[in-house]
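This report covers one protein chain. It begins with a local contact and then moves to the chain as a whole.

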Amino acid sequence: MLTAGELAGLIVAMGWAILVCFLAMVLVKLARLLRETTKLVSDLNDRVVPLLEDMSMTVNEANRQLVTVEAITRDVKQVSGHAAKLSAVTQTIFTGPLIRVSALSHGVRRAIEARRHPRGGRRR
(Lines give C-alpha, C1' and ligand atoms only; values in the text may rest on other atoms or scores of the structure.)
Protein backbone atom coordinates (compact mmCIF):
# COMPACT_ATOMS: atom_id res chain seq x y z
CA MET A 1 0.00 0.00 0.00
CA LEU A 2 1.02 3.62 -0.55
CA THR A 3 2.14 5.84 2.21
CA ALA A 4 0.62 9.25 2.79
CA GLY A 5 3.62 11.01 1.21
CA GLU A 6 3.53 8.78 -1.87
CA LEU A 7 -0.22 9.30 -2.19
CA ALA A 8 0.20 13.06 -1.93
CA GLY A 9 2.98 12.96 -4.54
CA LEU A 10 0.80 10.83 -6.85
CA ILE A 11 -2.10 13.31 -6.50
CA VAL A 12 0.20 16.27 -7.19
CA ALA A 13 1.73 14.48 -10.22
CA MET A 14 -1.75 13.73 -11.65
CA GLY A 15 -2.79 17.35 -11.06
CA TRP A 16 0.30 18.55 -12.93
CA ALA A 17 -0.40 16.08 -15.77
CA ILE A 18 -4.00 17.34 -16.05
CA LEU A 19 -2.78 20.93 -15.94
CA VAL A 20 -0.20 20.25 -18.68
CA CYS A 21 -2.85 18.54 -20.86
CA PHE A 22 -5.22 21.48 -20.35
CA LEU A 23 -2.49 23.97 -21.22
CA ALA A 24 -1.53 21.95 -24.29
CA MET A 25 -5.15 22.03 -25.51
CA VAL A 26 -5.28 25.80 -24.91
CA LEU A 27 -2.04 26.28 -26.86
CA VAL A 28 -3.33 24.17 -29.77
CA LYS A 29 -6.55 26.21 -29.92
CA LEU A 30 -4.57 29.43 -29.66
CA ALA A 31 -2.29 28.32 -32.52
CA ARG A 32 -5.35 27.49 -34.64
CA LEU A 33 -6.86 30.90 -33.83
CA LEU A 34 -3.64 32.67 -34.81
CA ARG A 35 -3.50 30.77 -38.11
CA GLU A 36 -7.10 31.72 -38.92
CA THR A 37 -6.45 35.33 -37.97
CA THR A 38 -3.36 35.44 -40.17
CA LYS A 39 -5.37 34.01 -43.05
CA LEU A 40 -8.19 36.54 -42.57
CA VAL A 41 -5.76 39.45 -42.41
CA SER A 42 -4.07 38.23 -45.59
CA ASP A 43 -7.42 37.93 -47.39
CA LEU A 44 -8.45 41.35 -46.14
CA ASN A 45 -5.18 42.82 -47.38
CA ASP A 46 -5.78 41.27 -50.81
CA ARG A 47 -9.22 42.90 -50.96
CA VAL A 48 -8.35 46.28 -49.47
CA VAL A 49 -5.49 47.16 -51.83
CA PRO A 50 -7.68 47.17 -54.99
CA LEU A 51 -10.42 49.06 -53.13
CA LEU A 52 -7.95 51.73 -52.08
CA GLU A 53 -6.67 52.02 -55.65
CA ASP A 54 -10.25 52.39 -56.94
CA MET A 55 -10.99 54.99 -54.28
CA SER A 56 -7.86 56.92 -55.23
CA MET A 57 -8.91 56.92 -58.88
CA THR A 58 -12.41 58.06 -57.90
CA VAL A 59 -11.06 60.93 -55.80
CA ASN A 60 -8.76 62.00 -58.64
CA GLU A 61 -11.67 61.96 -61.10
CA ALA A 62 -13.83 63.95 -58.67
CA ASN A 63 -11.06 66.54 -58.34
CA ARG A 64 -10.81 66.79 -62.12
CA GLN A 65 -14.58 67.27 -62.40
CA LEU A 66 -14.50 69.92 -59.66
CA VAL A 67 -11.91 71.88 -61.63
CA THR A 68 -14.24 71.75 -64.65
CA VAL A 69 -17.23 72.84 -62.54
CA GLU A 70 -15.16 75.68 -61.09
CA ALA A 71 -14.36 76.93 -64.60
CA ILE A 72 -18.04 76.72 -65.57
CA THR A 73 -19.03 78.59 -62.41
CA ARG A 74 -16.49 81.31 -63.12
CA ASP A 75 -17.86 81.68 -66.68
CA VAL A 76 -21.47 81.83 -65.43
CA LYS A 77 -20.49 84.50 -62.91
CA GLN A 78 -18.85 86.51 -65.66
CA VAL A 79 -21.90 86.17 -67.94
CA SER A 80 -24.17 87.15 -65.04
CA GLY A 81 -22.08 90.27 -64.45
CA HIS A 82 -22.30 91.19 -68.12
CA ALA A 83 -26.08 90.66 -68.09
CA ALA A 84 -26.42 92.92 -65.05
CA LYS A 85 -24.38 95.63 -66.75
CA LEU A 86 -26.44 95.28 -69.93
CA SER A 87 -29.64 95.53 -67.92
CA ALA A 88 -28.41 98.68 -66.19
CA VAL A 89 -27.45 100.24 -69.52
CA THR A 90 -30.79 99.29 -71.06
CA GLN A 91 -32.64 100.74 -68.10
CA THR A 92 -30.66 103.96 -68.34
CA ILE A 93 -31.21 104.29 -72.09
CA PHE A 94 -34.94 103.58 -72.12
CA THR A 95 -36.22 104.65 -68.71
CA GLY A 96 -35.20 108.31 -68.88
CA PRO A 97 -36.75 109.06 -72.29
CA LEU A 98 -39.79 106.88 -71.50
CA ILE A 99 -40.49 108.90 -68.36
CA ARG A 100 -40.11 112.14 -70.32
CA VAL A 101 -42.48 110.94 -73.07
CA SER A 102 -44.99 109.82 -70.45
CA ALA A 103 -44.80 113.16 -68.68
CA LEU A 104 -45.16 115.01 -71.99
CA SER A 105 -48.20 112.96 -73.02
CA HIS A 106 -49.79 113.50 -69.62
CA GLY A 107 -49.17 117.25 -69.90
CA VAL A 108 -50.59 117.38 -73.43
CA ARG A 109 -53.67 115.45 -72.35
CA ARG A 110 -54.29 117.78 -69.41
CA ALA A 111 -53.83 120.80 -71.69
CA ILE A 112 -56.34 119.40 -74.17
CA GLU A 113 -58.82 118.70 -71.38
CA ALA A 114 -58.29 122.19 -70.02
CA ARG A 115 -59.07 123.70 -73.43
CA ARG A 116 -62.24 121.66 -73.79
CA HIS A 117 -63.54 122.61 -70.38
CA PRO A 118 -62.18 126.06 -69.64
CA ARG A 119 -64.05 126.61 -66.40
CA GLY A 120 -63.43 124.39 -63.35
CA GLY A 121 -65.69 121.61 -64.66
CA ARG A 122 -63.24 118.90 -65.42
CA ARG A 123 -64.33 115.53 -66.74
CA ARG A 124 -62.61 112.35 -65.95
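This is a predicted model: local features need pLDDT of at least 70, side-chain atom pairs count only at pLDDT 80 or more; totals for chains, interfaces and linings use all residues.

E6 belongs to helix α1, which covers residues 4-116. With a relative accessible area of 44%, E6 is partly exposed, because that class lies between the limits of 20% for buried and 50% for exposed.

## The annotated segment

UniProt, in an unreviewed entry, assigns the feature "transmembrane region" to residues 6-28. In the model this span is 100% helix and 0% strand, and its end C-alpha atoms are 33 Å apart.

## The salt bridge

How many salt bridges does a search of the whole structure find? The search gives 1. R64 forms a salt bridge with E61, and their closest N and O atoms are 2.6 Å apart. That distance falls within the 4 Å cut-off, so the pair counts as a salt bridge.

Both partners lie in helix α1, with a separation of 3 residues, or about one turn of the helix. R64 is partly exposed at a relative accessible area of 46%. E61 is also partly exposed, its value being 36%.

## The chain as a whole

The secondary structure of the protein chain consists of 1 helix and 0 strands. Along the principal axes, the C-alpha trace spans about 155 × 40 × 15 Å. The radius of gyration of the chain is 50 Å, whereas a compact globule of 124 residues would have one near 14 Å.

What share of the 124 residues counts as buried? The share is 0%. The chain exposes about 11600 Å², and 69% of this area comes from carbon and sulfur atoms.

Methods
Residues are numbered from 1 along each chain as its sequence is written. Side-chain values use heavy atoms; hydrogens and water are left out. Helices (H or I, at least four residues) and strands (E, at least two) are DSSP runs, numbered from the N terminus. UniProt positions are given in the numbering used here, feature names are shortened, and annotations may be inferred rather than shown by experiment. The radius of gyration is taken over C-alpha atoms; the globule rule is 2.2 Å times the number of residues to the power 0.38. Buried means under 20% relative accessible area, exposed over 50%, partly exposed in between (1.4 Å probe, protein chains only). Accessible areas come from the Shrake-Rupley method with a 1.4 Å probe; for residues, only the protein chains shown count as cover. A salt bridge is a side-chain nitrogen of Lys or Arg within 4 Å of a carboxyl oxygen of Asp or Glu.
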